[in-house]
Amino acid sequence: MSLTKPYDENNIFAKILRGEAPAHKVYEDEHTFAFMDIMPMAEGHTLVIPREPAVNMFDLSEAAAEAMIRTTRKVAHAVRTTFDPHGVICAQFSGAPAGQTVFHIHFHVIPRWEGVEMNLHARTMQEADILADHASRITGNLA
Ligand code: AMP
């Protein structure tokens, strides 16, 4: 198994970027897009992706990496304001053995609370109206 893998134009995040699949959008700009994780590990779990078609950290350009971390920081602030967590995980998995399941690079922004277990990764679908409510509240708190 190699960390170098061709980019699949039909991965679900590429479809979201092209508007061919739905997403609960939190934020977008010229280089990045942020939306609710459909199977959240915690309330407020948000994903940040570049528009650039990169599989993982190893084919991502420096410019797209900069744009991604800027948006991740912006989203993390808004998630913090919205949910008042005790901590926030900002994480990226490159390669299936590292936990990557969607092969368009993304950062996870996951709120954490003392004494509250995280849900299992990519396991349980959240209801659409709850995700829509969370997305609009986070968007309302973007600086
Ligand atoms: P990773 O395992 O780091 O590749 O994470 C992929 C994430 O994408 C998981 O947390 C999934 O719950 C999430 N996910 C998969 N499909 C969708 C989708 N259609 N919309 C939003 N999130 C998704």
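1. At 37% relative accessibility, E28 falls in the partly exposed class.

2. The model is predicted, so local features need pLDDT of at least 70 and side-chain atom pairs count only at pLDDT 80 or more, while totals for chains, interfaces and linings use all residues. Residues are numbered from 1 along each chain as its sequence is written, and side-chain values use heavy atoms, with hydrogens and water left out.

3. On salt bridges: the term stands for a side-chain nitrogen of Lys or Arg within 4 Å of a carboxyl oxygen of Asp or Glu. Side chains of opposite charge can pair when their charged atoms come close. The whole structure holds five salt bridges.

4. Two of these involve E28. One is with K25, where the closest N and O atoms are 2.6 Å apart; K25 is partly exposed, at a relative accessible area of 41%. Another joins the side chains of E28 and R51 at 2.7 Å, N to O. Because R51 sits in the loop between β3 (46-50) and α2 (62-83) and E28 in strand β1 (residues 25-28), this pair ties together parts that are 23 residues apart in sequence. Helices here are DSSP runs of H or I with at least four residues, strands are runs of E with at least two, and both are numbered from the N terminus. R51 is partly exposed, with a relative accessible area of 31%.

5. Salt bridges that share partners also join E9, R18 and E20 into one network. Within it, R18 pairs with E9, and their closest N and O atoms are 3.8 Å apart. Both residues have intermediate accessibility: R18 is partly exposed at 38%, and E9 is partly exposed at 46%.

6. The UniProt record, an unreviewed entry, places the feature "active site" at H106. UniProt positions follow the numbering used here, feature names are shortened, and annotations may be inferred rather than shown by experiment.

7. Where does H106 lie? H106 is in the loop between β4 (87-91) and β5 (107-112). Its relative accessibility is 6%, so H106 counts as buried. Leaving aside residues up to four places away in sequence, H106 touches F13, L47, V48, I49, M68, A91 and Q92, where contact means heavy atoms within 4.5 Å. A polar atom of the H106 side chain also lies 2.8 Å from the backbone oxygen of H104.

Terms used. Buried < 20%, exposed > 50% of the residue type's maximum accessible area, 1.4 Å probe, protein only. Polar contact = N/O pair within 3.5 Å; in protein donor to acceptor, adjacent residues only side chain to side chain.
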